[in-house]
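My notes follow in the order in which I looked things up.

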Amino acid sequence: MITTFLDITVTGLIMGGIYALIAVGLNLQYGVSRVLNLAHGEFIMLGAMAAYFFYTLFGISPLISLIICAPLVFLIAIGVYKILFERIRKSSKSMVAFEGSSLLAAFGLSFVLQNAAALAFGSNTKAYSYLIQSVTFAGATFAVNRLVALFFAVVFCLAVYFFLRLTRMGKAIRAITQSLDTAQLMGVKVYRELGISFGLGAVLAGLAGVLLSPFSQISPFMGLQYIIIALIVVVLGGLGNILGSLAAGFILGFVGSIVMFIQPGFTLAAYYLVFLIILLVKPTGIFAR
Amino acid sequence: MNSIKAISGRYLLPLLLLLILALLATMPEYVPPYIVILFISIFMYVILSVSWAAFCGPTNYTSLATAALFGTGVYTSSLLQALPLPSVIVIGGLLSLLLGLLIGLIALRLRGMYFIIFTFGLSELLRNTMIWYEINITGTAGRWLTILDTEAAYYYMLGIAFVTLLVTYLLGRSKFGLAMRSIGEDEDASAHTGVNVNAVKIITFAITAFFMGAAGAVMAPRWSYIDPRLAFNPFLSFYPVVMALFGGVGQFYGPILGAVIITVLSDMVLARFPLYNILLLGLIFIVVILFLPNGLVGLVRRERTGSCGKGFDVIRKRLGIKS
């Protein structure tokens, strides 16, 4: 009994931690820069690919890859934002028009990144083993690499939380999610924050990619499954509600681990069910007032 | 002289269209099979992008459910191989229409971003459900179909494309089309002026879904091998949007133009550099969004608004007003 409970709880935490990390990144981008980045999964893929190649080619541990990947992904994402989304923003007539075209542009970008990665790294599925030993605790067995992933996912989630809550820039970003114009009037350098938020969101995706790389199938097309989950979590927690995504990630993780315990084949179906119910009953998310 | 001009102006377009139709109908007789095969894909994408644009263009909703609707047709066709193809096309179309109705009913209350996410998620749900179904229930990864003869496929697709164009054109010109455009302008205002916005949205979405499903039903035996990853490929949701926006949804011929140009272009690229095909399409799309917000049609339209001034000059001259 205690074993089962522990099994479900820790699996839920591990999945939830990764989901929260990915979803917070996506929602940071949408909530602030208003880009619903359907290429978010591709940034996860880039992180995982980088970790794979750093490990297999140079023997660099994924934990060190975390440090290397963060600035790398940040620069790529800022570049993408400046070249693509900032231009679309300037040429769009209204915010609604911008959201629509930026979503489609991101969709296009996801295909570009997928196929560029397939050309560069080959389209076959890759995997590597790192920290595959397992620990047994009260009868339940867990792989060390998953626990490490959980630990860092929680650390990064907390870091984002405290960044948004305590720092000046975090306050500015939260102000923008409430009202861009008012934030600008209060002296927030809005355009700089928009780019930074987009970059930070992508960094979270890249870090998640590195974290889940030791126990995942790494391929150029792996992003799709994660973007779907990220979208579900974001809708669950409320579009634009960044801290909502943090909680919703763990909620979905627990839903996943409970369903996985009962019938492993239905995890994804359960997620969609949650998604459909939320969209129909409360599209603004469970934390909306 | 002027009356001849007016008459020729009025009849020129229908005559031209008839001529094109006659050319297309007789084409397999005198062109190499390669061109016939290319035209099958062109028809397929014309059907998809025109159907997409018929709903999404005027109403300003963005649907990413094309893969789901098209895939329904594909799968119907692969499950009902024993039946004659024309009835399969109708059944595939009808099932797709039912799915369209369902999406319409569920997505009634969703607008903007939520509608896009919902349709995208739904296509993925269908794809994953079918993968799960094939692996766990039928125990097969995919299905083999008896391949459909090129010429037959050509005529089926031509027929469906013709009906699609006719119906969407008439739909766009009707009161219904006007109602859709008013929804696109301002849904609340439209509802207040007495438009039954929900009925208009659901019915149009379902009708356009029919054509997507019908096209899928013909394409299944063309591909000869079907699995959920092919039938519900998210790329099928993306393609029609790229084509319609590239051509421009402001005019009826925009999506047709976009579908023809991109299909031919991607066929040329695909033949030489298979791996770069999707990469190139993604890039084209990004460029379109950045630099051609109204599509190719937008370029023509801009010229037209420019010449509008000239039109006034002509009238002024006729009336003897000096400007």
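I began with pLDDT, which is the predictor's confidence in each residue, on a scale from 0 to 100. Chain B averages a pLDDT of 83, and 89% of the residues score at least 70. I noted that this is a predicted model, in which local features need pLDDT of at least 70, side-chain atom pairs count only at pLDDT 80 or more, and totals for chains, interfaces and linings use all residues. Residues are numbered from 1 along each chain as its sequence is written, while chains are lettered from A and ligands numbered from 1 in the order in which they are written. The model scores ipTM 0.79 and pTM 0.83.

**Chain B, elements and confidence.** I took helices (H or I, at least four residues) and strands (E, at least two) as DSSP runs numbered from the N terminus, and chain B has 14 helices and two strands. Over residues 303–316 of chain B the pLDDT stays under 50, and the model has three contacts beyond four places in sequence for them, a contact being two residues whose C-beta atoms, placed from the backbone, lie within 7 Å. Where pLDDT is low, the predicted coordinates should not be read in detail.

**Contact between the chains.** How many residues does each chain give to the contact? I read 30 residues from chain B and 34 residues from chain A. Helix H5 (112–138), helix H11 (235–247) and helix H13 (276–291) of chain B are the elements that give two or more residues to the side of chain B that touches chain A, and H5(B) supplies the largest share of that side, 13 residues. By class, this side of chain B has 22 nonpolar, seven polar and one charged residues; here Ala, Val, Leu, Ile, Met, Phe, Trp, Tyr, Cys and Pro count as nonpolar, Asp, Glu, Lys and Arg as charged, and the others, Gly among them, as polar.

I used the C-beta count, with C-beta atoms placed from the backbone: a residue is buried if 20 or more others lie within 10 Å of its own, exposed if 12 or fewer, and partly exposed in between. Of the 323 residues of chain B, 42% count as buried. A nonpolar core is a set of buried Ala, Val, Leu, Ile, Met, Phe, Trp, Tyr and Cys residues joined through C-beta atoms within 7 Å; the largest has 178 residues, and Ile18(A), Leu21(A), Ile22(A), Ile232(A) and Ala215(B) have the most contacts inside it. Helix H2 (residues 33–59) of chain B gives the largest share of this core, 15 residues.

**Ile226(B).** I then looked up Ile226(B), which is found in strand E2 (residues 225–226) of chain B. Why does Ile226(B) count as buried? Ile226(B) counts as buried because it has 22 C-beta neighbours inside 10 Å. Leaving aside neighbours within four places in sequence, the contacts of Ile226(B) include Val74(B), Gly142(B), Arg143(B) and Ala231(B). The C-alpha atoms of Ile226(B) and Ala67(B) are separated by 14 Å, although these residues are 159 residues apart along the chain.
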